[in-house]
Amino acid sequence: MKPTIFSFPMPRRSLLAVLLLLGAAVQIAGFPPARAQSASSARSSSASIRTPDFDESVRWYQDMLGFRLLGSQSLVPGRQAVLERSGFLLEITEVDHVLEADRDPHATGNVAVTPLPVISFLVADVDKEVQRLRKAGVEILQNPEDELDGRYRTAQIRDNGRHRIELREPVDENGFNAMGR
């Protein structure tokens, strides 16, 4: 199946906004329907990354983490794609350069090695997911471990570029995994 290519003029942020509205009703697999949440407890449902390796990054997220391509478009500064996994939207934007060593890592338009995770995904079993990704050659930055508050079991990986990604497995106060493990 050929991915949808947006051929009408659309401001960069509008594509993600439209897709967020379309995907707002999608719930994360294994979780009960959403209840009213305060802004401080709401889960993030989207993220955006920038990469000079656009095609490779889109393929990596599809092959390694199971994302599906919702659409892509070519813009003056580069290409942009929106991918989806379990209701989570990921926008990948092409940039033509990487961050120079002496530049500010927060400067707009640059890509830097991230010291903290830029994306956090819920997974059913962190240990199994890390084992699968390790076999596939993905760089594991932090092996699975329980957080101090005992609510999540986490691990960290690095994508094909330089983005740090956190994998989170929810665990309730009795040590029960809410996603069925």
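A polar contact is a pair of N or O atoms within 3.5 Å, where within protein one atom must be able to donate a hydrogen and the other to accept it, and where residues adjacent in sequence count only if both atoms are side-chain atoms. The structure shown is a predicted model, in which local features need pLDDT of at least 70 and side-chain atom pairs count only at pLDDT 80 or more, whereas totals for chains, interfaces and linings use all residues. Residues are numbered from 1 along each chain as its sequence is written, and side-chain values use heavy atoms, with hydrogens and water left out.

**View 1. The side chain of Arg 164 makes a polar contact with that of Gln 156.** The two side chains are joined at 2.8 Å. Arg 164 belongs to strand β8, a strand being a DSSP run (E) of at least two residues, numbered from the N terminus.

**View 2. Four strands form an open sheet in the order β5-β8-β7-β6, with mixed pairing.** Two strands pair if DSSP finds at least two bridges between them. At the edges lie β5 (119-122) and β6 (139-146), each of which pairs on one side only. Strands β5 and β8 (residues 164-170) run parallel in their pairing, over four bridges, and Phe 121 has Leu 167 in β8 as its bridge partner.

**View 3. Val 58 sits in helix α2 (residues 54-65).** A helix here is a DSSP run (H or I) of at least four residues. Leaving aside residues up to four places away in sequence, Val 58 touches Leu 69, Ala 81, Leu 83 and Ile 92, contact meaning heavy atoms within 4.5 Å. Val 58 and Glu 91 are 33 residues apart in sequence, yet their C-alpha atoms are 9.6 Å apart in space.
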